[in-house]
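The following paragraphs lead the reader through a single protein model. Please keep the sequence and the three-dimensional view at hand while reading.

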Amino acid sequence: MEYTPPPKPQLSSRANAFSIAALMSSGSSKDKESPESTIKPLEQFVEKSSCAQSLSDLSSLDPHGDFSTSPSSLCTEPLIPTTPIIPSEEMAKISCSLETKELWDKFHELGTEMIITKSGRRMFPTIRVSFSGVDPEAKYIVLMDIVPVDNKRYRYAYHRSSWLVAGKADPPLPARLYVHPDSPFTGEQLLKQMVSFEKVKLTNNELDQHGHIILNSMHKYQPRVHIIKKKDHTASLLNLKSEEFRTFIFPETVFTAVTAYQNQLITKLKIDSNPFAKGFRDSSRLTDIER
């Protein structure tokens with residue numbers, strides 16, 4: 001007797017609507033409406049600008065967040081050139097100093113590590129800088145980004161207490177600029193106060209919609225601070241076209257992005273130095289061995 005396979009069950013119209021084929025063909029309205037409202041217009045703008053464009057070539061964005069040209073794919077190259085640009089005579093007078101340098105030096109000697117999480121984690125130590133040589137009457141935008149140090153991926157060798165090259169770097173992630181929320185500053189403000197980037201958060205979530213800086217774990221990075229002189233004719237800081245800028249790099253702030261601390265000495269130094277880690281210093285929370 002010949003065996004005939006039973007007929008395939010037919011999906012109901014309700015079930016079919018949720019089948020993979022239906023989802024792929026129709027797409028939900030939620031997918032089309034990405035929650036970009038959580039990212040400030042400028043952050044949307046710089047993230048979607050073409051990688052081939054330097055800062056001086058970026059097109060403007062109106063206050064409603066509409067692009068003057070169709071947005072390109074996510075940029076994976078630094079949005080501000082890494083190669084030095086000869087500054088104007090006026091911008092060349094500006095200098096930038098890293099605050100709490102002594103603390104950064106302590107971490108740098110051990111090999112600084114920064115935790116990255118899906119929801120975003122703040123940096124410690126914090127990047128804090130002070131400026132001199134600015135024009136008290138002018139206005140300035142202060143930004144920060146974080147760029148890869150090299151094209152390598154690393155691993156921590158516990159038996160040697162050191163970082164070793166583990167291979168080629170993972171594909172680069174979307175590059176982002178963090179615009180200091182108090183920008184634009186007047187030159188007079190910058191001469192009197194320190195600029196702190198304590199609100200910067202690091203994430204490994206490639207789909208992050210909160211403007212956090214996206215990094216690969218086990219890769220080394222260099223934070224950079226940029227200062228842009230805001231032209232008198234520039235109506236808002238959403239237009240970066242033809243602005244003069246200066247970039248400052250502090251080698252002692254280089255760090256390795258990790259999802260968990262690898263070097264126990266880094267963990268100890270973070271606990272001892274971070275005022276927000278008081279709970280970890282409570283001896284009641286430590287085991288006899290840790291004491």
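In this predicted model, strand β4 pairs with strand β10 (residues 195-196) through 2 bridges, and the two run antiparallel. Within this pairing, Val129 stands opposite Val195 of β10. Strand β4 also pairs with β1, again in the antiparallel sense, over 4 bridges. Here Val129 of β4 is the bridge partner of Leu98.

Three strands form an open sheet in the order β3-β11-β12, with mixed pairing. Which strands stand at its edges? They are β3 (121-122) and β12 (213-214); each has a single partner strand, so one side of each is left without a neighbour in the sheet. Strand β3 is joined by 2 bridges to β11 (residues 201-203), and these two strands run antiparallel. In that pairing, Arg121 has Leu202 of β11 as its bridge partner.

Leaving aside neighbours within four places in sequence, Ile227 is in contact with Met91, Ile94, Phe131, Val134, Tyr140, Ile141, Val142, Leu190, Glu244, Phe245, Arg246 and Phe248.

A search of the whole structure finds 6 aromatic pairs. One of them is formed by Phe107 and Phe124, edge-to-face, at 6.2 Å centre to centre and with 85° between the planes. Phe107 lies in helix α6 (residues 101-110) and Phe124 in the loop between β3 and β4, so the pair ties together parts that are 17 residues apart in sequence. Are these two residues buried or exposed? Phe107 and Phe124 are buried. Tyr156 and Trp163 form an edge-to-face pair as well, with 5.3 Å between centres and 65° between the planes. Both Tyr156 and Trp163 are buried. Ring pairs link these two residues and Tyr158 into a cluster.

The overall figures place these details in context. The protein chain has 9 helices and 15 strands. Of its 291 residues, 39% are buried. Among contacts with a separation of 6 or more, 74% are between residues 24 or more positions apart. The chain exposes about 17,300 Å², of which carbon and sulfur atoms supply 54%.

The confidence of the prediction remains to be considered. The mean pLDDT of the protein chain is 76, and 64% of its residues reach 70 or more. Over residues 11-73 the pLDDT is below 50, although this stretch has 84 contacts in the model beyond near neighbours in sequence. Over residues 283-291 the pLDDT is likewise below 50, and this stretch has 6 such contacts. Where pLDDT is low, the predicted coordinates should not be read in detail.

Technical notes
Residues are numbered from 1 along each chain as its sequence is written. This is a predicted model: local features need pLDDT of at least 70, side-chain atom pairs count only at pLDDT 80 or more; totals for chains, interfaces and linings use all residues. Side-chain values use heavy atoms; hydrogens and water are left out. Two strands pair if DSSP finds at least two bridges between them. pLDDT is the predictor's confidence in each residue, from 0 to 100. Contact means heavy atoms within 4.5 Å. Buried means under 20% relative accessible area, exposed over 50%, partly exposed in between (1.4 Å probe, protein chains only). Accessible areas come from the Shrake-Rupley method with a 1.4 Å probe; for residues, only the protein chains shown count as cover. Rings of Phe, Tyr and Trp (its six-membered ring) pair if their centres lie within 6.5 Å; planes under 30 degrees apart count as stacked, over 60 as edge-to-face and the rest as tilted.
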